[in-house]
Amino acid sequence: VFTDQQTKCLGQLGQLADFHRIELFLVGGAVRDILRGEVSQDSDLDILVEGDAKDFATKAKDRFGGRLKVFERFFTAKLINPDAFDGIGEIDFASSRSEIYQVPGALPLVKCASLSEDLKRRDFSINATAFSVRLFANLAEGQALSREQIDMALIDPFQGKADLAQGLIRILHSESFRDDPTRMFRALRYVVRVGGALESLTELAFRKAIHLDYLSTISFKRRFNELVKMLLEVDAAAVIQLAADTGLFKSTFINTHADSERFSHVLSKVLEHMGAQVFDSSESVEKLLFFVFFDCTPAAQQEQLFQDLAISKKTQKQLLKEWISLLKGEYQSSYSREAQAVFGAVNDL
Ligand code: CTP
């Protein structure tokens, strides 16, 4: 699951944690990868510290070298290019925390808390599992963790492992989507990723969230950012289809005046055209999504679209120039492939 360098790094972090009697954990995506036996593509490591992340990151810097960056407000710290581990870009340390949502959709109040509190605040059972880094401390060089070791050490208060095996996406409490509506987008991404479905009570909560329009409590920019993540998924076409089928798009655009049906048709066509060609960066996806939105937003609201997405005047000019030229049939090879892909899809409808 991990590269040799990552295993070595986890082993030495585990030893350092042992020495200082601090608990470190892998959580979220890393544990999903361990459970599914998937190889981590990332050169970075995310570590949850049960205690003071800044304090432990400082100890790690003293021991392994590298550059330390501390984000006091977020209870996180980052060790960049640690000298002791070739090929590890960054180690992100975060203190375990609890969250209180005072206003639906607003960012929560955060305070340091135990691992168990931290797992409770998470989105889905498959992401609320943890694995102690100390386990790596006793591995000999080149040795990997055995299935038994993994099963014995897994911390899994919400049966995330069983849900992952069955492909079920399950929220941890009934108001999860109200607290944080971005989880509606996340839920569909995970459904497609694990080739599964929403668990039945989660599906009810999802429908209620659509019906009561919880998405209107978060800014359009935040909704847009979640769409970007959807398009970065390996099977983006399936995620887009699911979002259209579940009514997520209607709900997403309700106060933007964009035509949600046209939006999903154009987007599906774009993906069809692009075939296996995946997006290489979130900038590219943002640009592409912008053109799709632009196409399905009435002229009177287009200025608002620029404002909602905080697009600078200079970029606005460039985007409009490309789009208008394409509309006029003035093809230029210098125009971005995003504008051309959307233009081609619109023409094909
Ligand atoms: N999380 C959450 N609610 C959100 C966003 C994130 O509870 N709205 C938690 C989840 O437990 C998630 C972790 O924060 O596992 C990290 O978030 P993120 O990096 O977005 O997800 P990963 O699990 O790393 O998965 P991936 O990046 O593969 O989507």
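**Serine 260 and other sites**

Mentor: Serine 260 is part of helix 13, which covers residues 260-274; helices here are DSSP runs of H or I with at least four residues, strands are runs of E with at least two, and both are numbered from the N terminus. The model is predicted, with local features requiring pLDDT of at least 70 and side-chain atom pairs pLDDT 80 or more, while totals for chains, interfaces and linings use all residues. Residue numbers start from 1 along each chain as its sequence is written, and side-chain values rest on heavy atoms, without hydrogens or water.

Serine 260 is classed as buried because its relative accessibility is 13%; buried means under 20% relative accessible area, exposed means over 50%, and partly exposed is in between, with a 1.4 Å probe and protein chains only. Apart from residues up to four places away in sequence, serine 260 touches Phe249, Lys250 and Phe253, where contact means heavy atoms within 4.5 Å.

Arginine 97, in strand 6 (residues 97-100), also has a value for burial: it counts as buried because its relative accessibility is 11%. Beyond its neighbours within four places in sequence, arginine 97 is in contact with Phe74, Phe75, Thr76, Val110, Lys111, Cys112, Ala113, Glu117, Asp118 and Arg121. One of these contacts, glutamate 117, is 20 residues from arginine 97 along the chain, with 6.7 Å between the C-alpha atoms.

Glycine 28 sits in the loop between strand 1 (23-27) and helix 2 (29-36). Its relative accessible area is 9%, so glycine 28 is buried. With residues up to four places away left out, glycine 28 touches Asn127 and Thr129. Threonine 129 is 101 residues from glycine 28 along the chain, yet their C-alpha atoms are separated by 6.6 Å.

Alanine 197 belongs to strand 10 (residues 197-198) and is partly exposed because its relative accessibility is 35%. Its contacts, leaving aside neighbours within four places in sequence, are Gly167, Leu168, Ile169 and Val191. Leucine 168 is 29 residues from alanine 197 in sequence and 5.4 Å from it in space, C-alpha to C-alpha.

Arginine 178 is placed in helix 7 (residues 176-179). With a relative accessible area of 34%, arginine 178 is therefore partly exposed. Outside four places in sequence, arginine 178 is in contact with Pro104, Gly105 and Tyr214. Arginine 178 and glycine 196 are 18 residues apart in sequence, and the C-alpha to C-alpha distance is 23 Å.

Next, the backbone. Aspartate 213 is not a glycine, yet its phi is positive, at about 55°. Aspartate 213 lies in the loop between helix 9 (200-211) and helix 10 (220-231), and counts as buried because its relative accessibility is 19%. Alanine 310, likewise not a glycine, has a positive phi of about 50°. The loop that holds alanine 310 runs between helix 15 (299-308) and helix 16. Alanine 310 has a relative accessible area of 65%, so it is exposed.

Helix 16 itself (residues 313-327) packs against helix 17 (residues 337-348) at an angle of about 35°, with the axes 10 Å apart. Axes are lines fitted to C-alpha atoms, for helices over the stretch in contact, and angles run from 0 to 180 degrees between N-to-C directions. Helix 16 supplies Glu322, Trp323, Leu326 and Leu327 to the contact, and helix 17 supplies Ala339, Gln340, Val342, Phe343 and Val346. By class, the residues of this contact are 7 nonpolar, 1 polar and 1 charged; Ala, Val, Leu, Ile, Met, Phe, Trp, Tyr, Cys and Pro count as nonpolar, Asp, Glu, Lys and Arg as charged, and the others, Gly among them, as polar.

Helix 1 gives the most, with 7 residues. By class, the lining has 10 nonpolar, 9 polar and 4 charged residues.
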